[in-house]
Amino acid sequence: MPSTLERSIAFTRRPGWSLYLRHRYRLPYLLLLPVVLLLLLFLAWPLASVFYFSLRRTPLGEPSQFVGLDNFALLFREARFLGNILASLQYLVGVLGLSVPVAYLAAVLISSKVRGAGAFRTLFLLPWIIAPVVSAILFRTMVDPYTGPVARALETLTGRKYLFLVNPQLAVITIIVHSAWRSFPLEMLLIAAGLTSIPQELYDSAKVDGAGGWAQFRYVTLPLTKNQLFVAVLLITIWTLQDAEGVYSLTQGGPGYTTEVVGVRLFKEAFIYFNVGIAAAIGVVLIALSVLFMVFYLRVLGAGEGQ
Amino acid sequence: MAEQRVVRRLSRRDFMRLSSLGLVALGLGGCVMPTAVAPAASPQPSPALKKPVTIKWAHYFDPLQSPAQKFNYAWMERMVATFEEKYPEINVEPEYFDWDKIDNRSILDYEAGIKHDVMFGSPQLMAKHFQVGDYIDLTPYIKQWPEDEVKDFSWSPVWASARQDDVQIGVPTGVHTRSVAYRRDMFKEAGLDPDTPPKTWDECLEAAKALTKGDVWGLGMYFGPSRATIELYFAPFVWHFGGELWDPATKKATFASEAGVKAAQVIYDLVYTHKVTPESAIGGTYDDAILASFLAGRLAMGWGFGSYWIVSLEEKGFIKNCFPAKAECTEETAGVMVTPTAPGAQFTNAWTLSIHKLSEHPAEAFKFLEFLIAPENLYDFPDAGLPARLSLWSKAEFQSSFYQKWLEAARKGRPMPPTVHYPELADTTAACLQEILVNKAPIAETLKKFEDEWNAKYAGA
């Protein structure tokens with residue numbers, strides 16, 4: 001006897017079925033058309049134009065020329081651009097390494113039943129709603145060697161002056177802390193959503209089995225919030241890789257090119273130097289980097305899915 | 001009997017018909033919609049204006065940004081009100097942009113078809129503006145000026161910066177020459193004569209060493225990630241040692257020359273060998289490193305002190321009766337001296353006024369531009385720093401020794417090289433200097449590395 005699936009396939013192969021389908025679903029497709037057109041206009045077109053301009057030299061006031069892969073060749077021959085990529089990777093690792101644990105702790109706090117959890121929820125969301133340029137100015141003020149409270153407090157404690165935006169290591173730490181501070185609320189919200197969906201019984205049975213705090217986290221919390229963690233890490237990765245405004249407002253890429261991450265370089269090439277072709281080529285590299293990370297996360301965090 | 005309500009359902013066919021009609025109507029509407037075409041800039045002012053026109057004035061005055069900007073903003077408001085009173089047929093609508101973005105905004109908006117009228121612009125970016133073509137040629141208008149009027153402006157290096165291939169695309173509003181501001185009281189304390197400040201670089205360095213004490217640094221400079229680094233510090237020393245940053249013949253960067261190496265060495269030694277300039281100068285902002293630090297008493301000498309900061313010195317009480325300029329101007333706590341580099345090795349620029357290529361009212365815009373640069377209006381424009389008009393300098397108000405030193409500095413000043421890729425050159429040299437200072441990288445090799453990097457992309461362009 002044929003299965004349901006086999007019967008369905010046979011049914012769809014009847015003569016006139018295709019015509020029926022076209023007639024039946026014409027209206028839904030037509031209703032979807034405006035959205036599809038908008039998506040093509042605002043997503044596909046800009047994306048295609050990035051690839052198009054990356055293959056052209058586009059000086060302002062002059063017609064553009066096709067230059068093949070010259071823009072990419074120029075970039076990859078530059079020590080500066082390779083430094084930009086390394087700075088971005090360092091920035092990304094730093095931001096994720098700092099923000100994910102903080103986000104977990106904050107998520108546990110806001111989803112617990114402790115008094116004042118609601119207040120913490122509001123408080124922890126503040127960094128997320130502050131504009132990056134504003135928070136960058138705030139950070140810059142705090143680390144000013146003469147008037148900044150952080151720099152002054154450290155000087156009082158250690159007896160030496162801290163030049164946060166002059167010392168390369170401190171400058172990197174400053175942009176990482178700034179970005180992690182801005183990123184953790186989103187991660188916290190996503191992880192908290194996962195935490196609240198874990199049944200209490202699982203923790204109770206883990207306790208009965210003798211699991212301590214760490215074991216509960218490792219064998220209950222982490223596996224059951226893996227999906228939320230994946231989304232959070234992916235979003236923050238894309239966000240951090242493309243970040244230009246926060247870093248530029250803090251350091252402008254300095255000292256030297258130490259904090260000139262790929263996003264900052266793209267911003268400079270596009271909006272200060274007007275090298276549209278180079279900027280587009282950097283954009284393509286950024287897209288490639290984001291896709292690479294997405295595939296990597298899917299493999300690492302998505303491993304074991306459905307088992 | 002209750003009235004029966006008839007609800008007519010829209011059939012699928014009707015819906016499709018209506019949608020198609022709507023789309024066709026939109027398409028046709030789009031086709032016949034008159035497109036705005038910017039009229040060609042006419043050198044002839046409109047003969048009789050029948051209805052009021054509105055022109056936009058792109059400025060950079062934010063009253064909340066700094067005390068100096070508060071004065072600029074007040075001046076701007078007064079200018080608009082006075083002009084509208086004098087010319088009721090023309091309305092002026094100010095539009096604000098950040099000072100370091102106003103040039104780029106003009107270029108981008110020109111490419112995007114966004115119209116402006118009168119715009120402030122930076123002389124360092126005139127080559128770029130000329131290449132893009134976002135400013136109109138003011139030559140036909142200026143040709144109608146009396147010869148003396150042209151001479152009154154053309155003495156300053158800024159006038160030359162705004163002239164590209166014999167096309168005048170901007171008119172200077174002032175003279176932003178830089179000097180060294182110094183604390184007279186600290187000079188006395190260090191046993192130096194405040195009335196005879198250093199005249200040569202060696203004298204300046206010796207004075208800086210004598211003045212460095214405790215929390216006070218002898219010589220304030222700025223080497224941060226900004227254009228100020230090349231303009232006020234690196235370039236003057238390169239020129240001082242007989243070098244150039246860029247060769248106009250080959251259009252190549254030349255800052256890694258012997259003069260460039262000497263200039264970078266001087267800067268390095270100030271921070272690490274003589275320890276008269278704070279290491280914090282490598283970061284932060286130019287305003288904080290020089291103006292704020294000088295006013296706060298952290299610097300005995302502030303190198304690269306802009307003439308646009310005279311108002312701040314006056315407000316602090318460091319000078320008296322100097323802003324607006326008066327004959328009784330006196331230096332109290334602070335004085336100024338000409339930058340002690342070789343003659344002609346000082347940087348001078350100023351804001352220029354230009355007219356955007358997409359202006360629909362270029363004649364009215366030029367009328368406003370002429371109004372702004374009238375002697376009585378430029379006289380107390382705080383950000384002018386110093387008078388752009390040479391004739392104003394002979395007035396009694398500018399005869400004090402304070403102002404005569406600024407005039408000497410202005411006469412010795414020179415503009416930055418007219419490369420189209422000036423922002424890239426400025427950023428490259430600033431990053432290069434920072435690498436030398438922060439990582440203590442070998443000077444000659446590092447300069448060469450950055451010069452090669454710039455030339456690989458921009459040489460010949």
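Modeller: Gladly! Domain bounds here come from an automatic or database domain assignment. This is a predicted model, in which local features need pLDDT of at least 70, side-chain atom pairs count only at pLDDT 80 or more, and totals for chains, interfaces and linings use all residues. Residues are numbered from 1 along each chain as its sequence is written, while chains are lettered from A and ligands numbered from 1 in the order in which they are written.

Biologist: Into which domains is chain A divided?
Modeller: Their centres, taken over C-alpha atoms, are 38 Å apart. The division of chain A is domain 1 (4-54) and domain 2 (70-301).

Biologist: How many residues of domain 1 of chain A are in contact with domain 2 of chain A?
Modeller: Contact means that the C-beta atoms of two residues, placed from the backbone, lie within 7 Å. Domain 2 of chain A brings seven residues, and domain 1 of chain A brings four.

Biologist: Which helices of chain B each supply at least two residues of the side of domain 1 that touches domain 2?
Modeller: In chain B, domain 1 is 53-169 + 351-384 and domain 2 is 178-348 + 416-458. The contact takes 14 residues from domain 1 of chain B and twelve from domain 2 of chain B. Helices are DSSP runs (H or I, at least four residues), numbered from the N terminus. The helices of chain B are helix 2 (67-86), helix 4 (126-132) and helix 7 (157-161).

Biologist: And how many residues of chain B are in contact with chain A?
Modeller: Chain A contributes 22 residues to this contact. The number from chain B is 23.
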